[in-house]
Structure formats: structure tokens, C-alpha cells
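Open the model in your viewer and keep the sequence panel beside it. The tour goes from one selection to the next.

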Amino acid sequence: MHGSRSLRSSVAFCRGRRVKCVPVSPRRSPSDDRLSRQRSPFRIGENATFLRPFVKWAGGKSQLLGQFQALYPKPGSVGRYLEPFLGSGAVFFHVQALLQPSHALLCDTNAELIDTFLAVRDELDALIELLRQHQKQHCESYFYEARTHSPQTRAARAARLIYLNKTGFNGLYRVNSRGIFNVPFGHRVNPTILSEALLRAVSIALQKAQLHARDFRDLSAVARKGDFIYFDPPYQPLSKTAKFTSYTSGSFGEKDQRDLAALYAELDRRGCLLMLSNSDTPLIRELYADFRIHHVSARRMINSDGKKRGPVSEVVVLNYGPQTSRKPTLRPR
Ligand SMILES: C[S@@+](CC[C@H](N)C(=O)[O-])C[C@H]1O[C@@H](n2cnc3c(N)ncnc32)[C@H](O)[C@@H]1O
């Protein structure tokens, strides 16, 4: 098992606090209102609110949620929701709003990212205050100064990550082989560094969630029959040069893709409801040939070459019949 503490035991220490997630009426600033109108929020209940990622992430699934909706399990059929490649949490927020699972277990190997989610969940006021300070001081030289800092507290590290994500080039989080954030200044006019209402809504949605910096293989120890699990690993590259695996200082290669497919098959036998995204490559089609493969159309959002941001076909692998009777496009089980 990866990591020193057993994931099984940490799951047993489920957070007692049960906070109702929806509907939510967060305090809103004029800029939050503008943002929520612009970015098609998920509207929940009578009090319209919005749950969406508070950071932009390479491979983030916000643009695919409309296509995902018909692929989720039936509403009411989901108890626990598990997501081992959390990233910005776009799918978690969507599932939370639509399917309202009773608990969520959210993991990613990027410890700084998980720490940021924990700060949003547990240290929200301190985080908001620190982001307000970043917003006041924001300029190009301040960005490069912040990039070199290693804050000591979790709230300050989270504020730094959010600040750099909002103001860096293309909203990218990328580290070099020594784990040092190396994205250049983004030159965005008036970036929104603090969206207080959004952070408050996200914090509430996270109250029932457990968050761990773990490898996806650790899921085997905790997943059980009936869990709905969404996998969004770093994609199998379409070509050698298309590779983006710098979310952490490690990388995600063919062996990882094969281990993931083996875990998928094991959890299928266990009776979990499984949904997995990946690129449409011969290896991925071979690894998941026994399952339902659907196609979705994605636009590459993070690519330094604007000309390479056209639509691409990606696969979604399911081991269950989705909500609607959409026909699978390859090899039904
Ligand atoms: C494609 S992104 C997920 C994007 C996410 N679905 C979203 O909408 O933002 C893949 C994530 O997997 C994480 N990751 C990479 N290797 C991992 C591993 N071995 N175990 C768990 N997470 C890993 C990366 O840090 C990254 O955040």
C-alpha cells in the first residue's frame, strides 16, 4: 500500500459532522454574480447556487459535464462516491449536485492540491483573508515573488496555489522534476483571484468528503459493492509529443495504465459502479475491451499552441448501463 497510514483506517474515522450541502445561499459579491452567470453554474434546488471548481486544472472535465450527465448511474442508486484522480473536482461537484451521494472519498497524488481542498473545507476564513491580500498586491513581480515562496501554514500554501493558478499562464499547475511550480505569469487583465461565494459553497459541499493524498492503487483497500467510482487518470498520450504528466513530479506511464485497468476489472467483480475517462488510443481500447466504451467530444483547453485546441474524441468506459438508454459505440458487454 502506498503512504504510511492505512486508508482503510482513515475511512473508518469518518468525519462526524454532517452538513447539508444543498440548497446553499452563500454570500455573493457583484463579481461572483457576474461569474456565476458567465460560467453556467449547476443550479441546485430553489436557491440557485453554483458548485464548480475553484481552480483550473489540466485535463479538467468542466467542459464535458453536459455529455457526462447521461452516463452517470441512476439518481438514487449512489451511496458513496469515490474519485481517486480528483484534480479540480469538476466531476465531484457535478455528481454532488445531481446525485447527492451520502459520502465522498476524494484522492489525488498531488499533496499540495489535496491540502488546498482541506484548507477550503476547514480553514476557509483564513484562506479568504490571505487571498484578499494576494489580490491587493497582485502584479507581475509579486507573482514571481510568490512563486519562490514556501509558506509554512496550510492556509497560506493553499492561498498561494489558488493565487498562482488564477494568475499564471493558462491557469496551469505544472511542476518541474524537483516539484517546483514553474508556470510563467499569465498577463490576464483583472483576474478574479478571490471568488468568496464560490469558495463558501465549495467548502459546504466538501464537509461530507474525506480527502487524501494517495495513489489510485490504494482504492482497492476501501472500495466496496455499490460505490460509484469515477476515474480520470492522466491520459495515455495520443503521440509521444502530446504527453502532459507534470501534475506532480512523478509521471504516469503504460504500467500505470495497465495497473489501473487491472484495478477497474477487480472493482467490477466486486460490484462497484465504474466510470473512467481516457484518450481514444489502441491501448485504452484494448485494456477496456470487456466493458462499455462511449465516446465524448472534448476541446483541448490547455495547450500552448492555440492551433492544437480543436475537438478530440475521448472515451468513457462504463461497467453499468447508464441513466439513459444511449447505445454504446463499441463492443457492448
Ligand atoms: C486528468 S487530471 C484529473 C482532472 C479532474 N477530473 C478535473 O476535472 O479537474 C489527473 C489527476 O490525477 C492525478 N494523479 C496522477 N498520478 C496519480 C496517481 N498515481 N494516483 C492518483 N492520482 C494521480 C494528477 O495529480 C491529476 O490531478
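**Stop one: helix α8**

Begin with α8, whose buried residues are covered by elements that include α5 (111-122), α6 and α7 (140-148). This is a predicted model, in which local features need pLDDT of at least 70 and side-chain atom pairs count only at pLDDT 80 or more, while totals for chains, interfaces and linings use all residues. Residues are numbered from 1 along each chain as its sequence is written.

Select residues 154-167 for α8. Helices (H or I, at least four residues) and strands (E, at least two) are DSSP runs, numbered from the N terminus. The 14 residues of α8 should span 20 Å at 1.5 Å a residue, and the end C-alpha atoms are 20 Å apart, which agrees. The expected span is 1.5 Å times one less than the number of residues.

How many of the 14 residues of α8 are buried? The count is 12, so α8 is mostly covered. Buried residues have 20 or more other C-beta atoms within 10 Å of their own; exposed ones have 12 or fewer, and partly exposed ones fall in between, with C-beta atoms placed from the backbone. Among the buried residues of α8 are Arg157, Arg160, Asn165 and Lys166. Ala159 is buried too.

From Ala159, go to Gln133: the two are 26 residues apart in sequence and 9.5 Å apart in space, C-alpha to C-alpha. Gln133 sits in α6 (residues 124-137). Gln133 counts as partly exposed because it has 14 C-beta neighbours inside 10 Å.

**Stop two: the nonpolar core**

Now select Val120, Val202, Ile229 and Leu274. Of the 77 residues in the largest nonpolar core, these touch the most other members. Such a core is a set of buried Ala, Val, Leu, Ile, Met, Phe, Trp, Tyr and Cys residues joined through C-beta atoms within 7 Å. Domain 1 (1-15 + 59-110 + 213-333) and domain 2 (111-208) both give residues to this core, so it lies between them. The domain bounds come from an automatic or database domain assignment.

Centre on Val202. Leaving out residues up to four places away in sequence, Val202 touches Leu51, Phe54 and Val120. Contact is a pair of C-beta atoms, placed from the backbone, within 7 Å.

Next, pick Ile204 in α9 (residues 196-206). With 19 C-beta neighbours inside 10 Å, Ile204 counts as partly exposed. Its C-alpha atom is 9.9 Å from that of Leu51, 153 residues away along the chain.

**Stop three: helix α10**

Select residues 254-270 for α10. Which residues of α10 are buried? They are Leu260, Ala261, Leu263, Tyr264 and Leu267. These cover an arc of only 160° around the axis, which puts them on the same side of α10. The arc is taken from the directions from the helix axis to the C-beta atoms. β4 (228-231), β5 (273-279) and α11 (282-287) are among what covers them.

Turn to the other side of α10: Glu254, Lys255, Arg258 and Arg269 are exposed there. Just after α10, Gly271 takes a positive phi of about 95°.

**Last stop: the whole chain**

Zoom out and colour by pLDDT, the predictor's confidence in each residue, from 0 to 100. The protein chain averages 82, and 75% of the residues score at least 70. Over residues 1-48 pLDDT stays under 50. Residues 325-333 also have pLDDT below 50. The chain has 11 helices and seven strands.

Conventions: Contact = placed C-beta atoms within 7 Å.
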